[in-house]
Amino acid sequence: QNICKPEGFVMDTYSDFDGIEALNRRVAVPLRKLIKTKFFRTLRVELYKPCQFWRSEGSCFQRDCIVQPLDDDQIPAAWRKQTVDQTNFGPFLGSFPRQRPEFTDKDFAIVNDETYGEGVWLDLVENPERFTGYAGAGANAIWMSIYEHNCFGVPPYIQDTAGGWGSQLVNVDGKSMPFVQPPRKQRDLAPFLESLAEEDAGLTLPADVPKEYRIFYRAVSGLHASTSTHICADYFNATSNKWEPNLNCFIARIGAFPDRLQNIYFNFVLLTRALQKMEPYLAAYDYSTNAKKEDRAVARLIPKLLKTVKKAGLVFDDSELFLAANGRALKAEFKDNFRNISRIMDCTGCEKCRLWGKTQTLGIGTALKALFSYPDRAFRGRFTSLDFKRNEIVALITTYFQFSRSIEDIGIFRAMYQNLVTDW
Ligand code: FAD
């Protein structure tokens with residue numbers, strides 16, 4: 001058994017791991033090209049909002065933590081015009097006030113207005129999510145606060161077993177992470193996994209919690225696991241001075257925890273379902289920029305992506321959720337908690353990590369909004385009831401790519417692991 005090769009069905013979905021990997025191989029090609037186009041690589045992010053929850057404990061000023069904002073003249077005029085009419089952005093024809101509130105009742109994340117506010121324009125391709133060296137108590141505390149306070153009040157639903165967070169906070173010191181050597185012999189695998197589980201008690205999710213709670217936790221844990229995967233896949237090896245995949249890092253953080261690995265696939269499925277639902281809207285969306293050649297590429301790639309995603313059929317059934325008598329209240333709580341997580345991202349003490357934390361919570365939030373704030377029919381016809389901003393569309397596709405990339409990375413780690421083991 002290869003610990004980087006999950007088998008069977010992804011819990012709470014109608015998808016199996018092999019099927020997801022096959023779908024990923026098909027969407028990865030258009031996605032990889034799409035995210036390099038001007039429309040999708042350019043995003044305005046409110047990167048310097050103060051942290052509302054605690055006094056930030058300082059920032060990471062190492063080279064790899066910093067981002068370089070774009071100059072205004074690199075941005076299409078229509079996007080930076082302060083007085084621009086909202087209807088310029090896609091086929092949305094509604095009449096919201098120009099200065100959009102931080103969120104509306106439909107939003108699952110904080111959505112800043114690209115034409116307004118304090119944001120900086122950034123090039124996502126120039127600032128990839130990868131190892132930055134940001135670690136230690138500050139970074140741990142953010143994840144801790146997300147799980148403890150925002151996953152529907154952790155106990156009794158998500159319990160921190162032996163050791164607890166305290167042990168995590170003292171174990172980690174900056175760049176020197178306590179990596180473990182993966183076992184080379186099959187007979188050593190079980191004791192190895194047990195010892196890791198003891199060392200990093202992590203979080204366990206009992207099977208009998210409401211499905212909506214499980215899905216919330218999976219979405220967050222999957223985002224965390226995908227971030228860790230990118231850190232380990234694009235890792236700076238200080239000995240060789242090279243960026244390269246680090247198998248020990250992957251096993252210690254994700255591979256040895258089947259749930260975390262599974263949650264990456266879960267998010268990919270969730271995003272796939274959102275794209276299926278939004279298909280007519282995304283097909284009609286106006287993606288034009290001032291880069292004609294790239295605009296033509298988008299016009300070719302978006303239909304290709306949407307067609308592939310549609311052919312995947314039933315991957316996840318969002319209509320099964322929030323049906324119970326308390327469904328309305330549960331949805332409101334779900335939204336509040338997820339918005340809170342997107343706010344907590346402002347507390348991340350490393351610019352590049354903050355950029356990706358904010359972008360991907362917006363991407364997942366956009367998928368949740370499409371799935372749970374609108375009926376199917378809203379995405380047909382003239383789309384008059386829809387309220388999606390350009391940055392939500394960019395974040396959605398970008399986040400889909402990030403999970404697609406994680407699944408590809410898992411394949412790379414699987415092969416590395418296979419090469420390492422001796423008597424499998
Ligand atoms: P952490 O990843 O900090 O996790 C803390 C604890 O959470 C673990 O000990 C474990 O018990 C539990 N846990 C871990 N993974 C999961 C999971 N998937 N599901 C459930 N529980 C889990 N660093 C970079 O190098 N590059 C980045 O781009 C980057 N982006 C970040 C973005 C955000 C929003 C944050 C908060 C941090 C980011 N970091 C980034 C830091 C990185 O995520 C880790 O915090 C850091 O590398 C230290 O890792 P760790 O092994 O101590 O555990």
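A residue is called buried if 20 or more other C-beta atoms lie within 10 Å of its own, exposed if 12 or fewer, and partly exposed in between, with C-beta atoms placed from the backbone. The model on screen is predicted, so local features need pLDDT of at least 70 and side-chain atom pairs count only at pLDDT 80 or more, while totals for chains, interfaces and linings use all residues. Residues are numbered from 1 along each chain as its sequence is written.

**The whole chain**

Show the chain as a cartoon. The secondary structure comes to 14 helices and six strands. Helices (H or I, at least four residues) and strands (E, at least two) are DSSP runs, numbered from the N terminus. Of the 424 residues in the protein chain, 41% are buried. Among contacts with a separation of 6 or more, 84% are between residues 24 or more positions apart. Two residues are in contact if their C-beta atoms, placed from the backbone, lie within 7 Å.

UniProt, in an unreviewed entry, places the feature "active site" at Cys350 and Cys353. UniProt positions are given in the numbering used here, feature names are shortened, and annotations may be inferred rather than shown by experiment.

Cys353 lies in helix α13. Leaving out residues up to four places away in sequence, Cys353 touches Cys65, Thr132, Tyr134 and Thr348.

Cys350 is found in the loop between α12 (327-344) and α13. Cys350 is buried, having 23 C-beta neighbours inside 10 Å. With residues up to four places away in sequence again left out, Cys350 touches Ser59, Cys60, Cys65, Thr132 and Tyr134.

**The binding-site positions**

Next, select Arg130, Thr132, Trp143, Ser221, His224 and Arg253, where the unreviewed UniProt entry places the feature "binding site".

Zoom in on Ser221, which lies in helix α8 (residues 211-233). Ser221 is buried, with 26 other C-beta atoms within 10 Å. Not counting residues up to four places away in sequence, Ser221 touches Arg260 and Asn263.

Helix α8 is also the place of His224. Is His224 buried or exposed? His224 is buried, with 20 other C-beta atoms within 10 Å.

**Helix α9**

Select residues 247-255, which form helix α9. Eight of the nine residues of α9 are buried, so this helix is largely enclosed by the rest of the structure. The buried residues are Leu247, Cys249, Phe250, Ile251, Ala252, Arg253, Ile254 and Gly255.

**Helix α10 and its partners**

Now select helix α10 (residues 258-284) together with helix α13 (residues 351-372); their axes come within 9 Å and cross at roughly 50°. That makes α10 oblique to α13. Axes are lines fitted to C-alpha atoms, for helices over the stretch in contact, and angles run from 0 to 180 degrees between N-to-C directions. Angles under 35 degrees count as roughly parallel, over 145 as roughly antiparallel, 65 to 115 as roughly perpendicular and the rest as oblique.

The crossing of α10 with α13 is left-handed. A crossing is left-handed if the near helix is turned anticlockwise from the far one by less than a right angle, and right-handed if clockwise. To see the contact, show Asn267, Leu270, Leu271, Arg273, Ala274, Lys277 and Met278 of α10 with Ile364, Ala367, Ala370 and Leu371 of α13. These residues divide into eight nonpolar, one polar and two charged. Ala, Val, Leu, Ile, Met, Phe, Trp, Tyr, Cys and Pro count as nonpolar, Asp, Glu, Lys and Arg as charged, and the others, Gly among them, as polar.

Keep α10 and switch to helix α11 (residues 292-311). These two helices pack at an angle of about 135°, with their axes 9 Å apart. That makes α10 oblique to α11. Their crossing is left-handed. The contact is made by Thr272, Leu275, Gln276, Glu279, Leu282 and Ala283 of α10 and Ile302, Pro303, Leu306, Val309 and Lys310 of α11. By class, the contact has seven nonpolar, two polar and two charged residues.

**Last stop: Val394**

Select Val394 in helix α14 (residues 390-420). Val394 counts as buried, with 24 C-beta neighbours inside 10 Å. Apart from residues up to four places away in sequence, Val394 touches Phe40 and Leu43. From Val394 to Ile344 the distance is 21 Å, C-alpha to C-alpha, and the two are 50 residues apart in sequence.
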